[in-house]
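Please open the structure in your viewer and keep the selection tool at hand. The stops below can be taken one after another.

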Amino acid sequence: MLQDDPYFMKNHLGGYECKLCLTLHNNEGSYLAHTQGKKHQANLARRAAKEATDQPYMPVPQQPKVELKKFVKIGRPGYKVTKERDPATGQQALLFQIDYPEVAEGVTPRHRFMSAYEQKVEPPDKRWQYVLFAAEPYETIAFKIPSREVDKSDDKFWTLWNKDTKQFFMQFAFRVERQAQIEDQPPPPPPPPPAAVIVRPTPVPPPMFLPPPF
């Protein structure tokens, strides 16, 4: 719209002027054609460059730098692995004890399970998986365990970080295969509705009409 053009002006003679280029035009069409020309576009570019130069320099605020903590690895931690069996369910379980006597201040040991296809140390074998433990400045250690489903219920899977003794404990149990198969099966379909039974009424004998006693 010409009304929104800051350089468009209608003079007292009924003509049109371009305040940027100081040109006169007989009608709006002539002015619009002028705005698409090289002269008007060049003047627009000069005006934009001048306005950018006149504006005060606003420095870009710097993002706060987050310093990554770097640790010098001091070797592998001590560990102990105990095999267990739940007498109630017969589930096989493993108890890990990892010793971190020189753990860095404020560091809590971490763990994760890794499939055989994620690791790059050995050829992948679907029969095995790995459980990893890490805490700076110690090296990350991994244990090779059977590729069975882990029971992660609250009473079968737990971890504990003892800050006083600097020992990390983790225990988990493997799900029983029969239990896993039963739980993985879909629920049985509901029983069919009972078949309709047609009850036929017992025929009622017709009434008997007796003669009056007199």
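Begin by selecting residues 16–46, the stretch that an unreviewed UniProt entry lists as "domain: Matrin-type". What you see is a predicted model, and in it the span of residues 16–46 is 55% helix and 19% strand, with its end C-alpha atoms lying 22 Å apart.

Next, select strand β4, which covers residues 78–85, and pick out Thr 82 within that strand. Is Thr 82 buried or partly exposed? Thr 82 has a relative accessible area of 29%, so it counts as partly exposed. If you draw a distance from the C-alpha of Thr 82 to that of Leu 95, the value is 5.1 Å, although the two residues are 13 apart in sequence.

The remaining stops concern charged pairs. Side chains of opposite charge can pair when their charged atoms come close. The count of salt bridges in this model comes to 7, and three of them are visited here, beginning with the one between the side chains of Lys 156 and Asp 86, where N and O are 2.3 Å apart. Lys 156 sits in the loop between β9 (150–151) and β10 (158–162), while Asp 86 sits in the loop between β4 and β5 (92–99), so this pair ties together parts that are 70 residues apart in sequence. With the solvent-facing surface displayed, compare the two partners: Lys 156 is buried at 13% relative accessibility, whereas Asp 86 is partly exposed, with a relative accessible area of 22%.

Move on to Glu 149 and Arg 175, which form a salt bridge whose closest N and O atoms are 2.6 Å apart. Here Glu 149 belongs to the loop between β8 (141–146) and β9, and Arg 175 belongs to the loop between β11 (167–174) and α3 (177–184), so the pair ties together parts that are 26 residues apart in sequence. Glu 149 is partly exposed, with a relative accessible area of 44%, but Arg 175 is buried, with a relative accessible area of 13%.

For the last stop, select Glu 118 together with Arg 112, a salt bridge in which the closest N and O atoms lie 2.8 Å apart. Glu 118 is partly exposed, with a relative accessible area of 40%, and Arg 112 also counts as partly exposed, at 38% relative accessibility.

Terms used:
Residues numbered from 1 in each chain as written. Predicted model: local features only at pLDDT ≥ 70, side-chain atom pairs only at ≥ 80, totals over all residues. Heavy atoms only, no water. UniProt positions renumbered as here; feature names shortened; annotations may be inferred. Helix = DSSP H or I, 4+ residues; strand = E, 2+ residues; numbered from the N terminus. Buried < 20%, exposed > 50% of the residue type's maximum accessible area, 1.4 Å probe, protein only. Salt bridge = Lys/Arg side-chain N within 4 Å of Asp/Glu carboxyl O.
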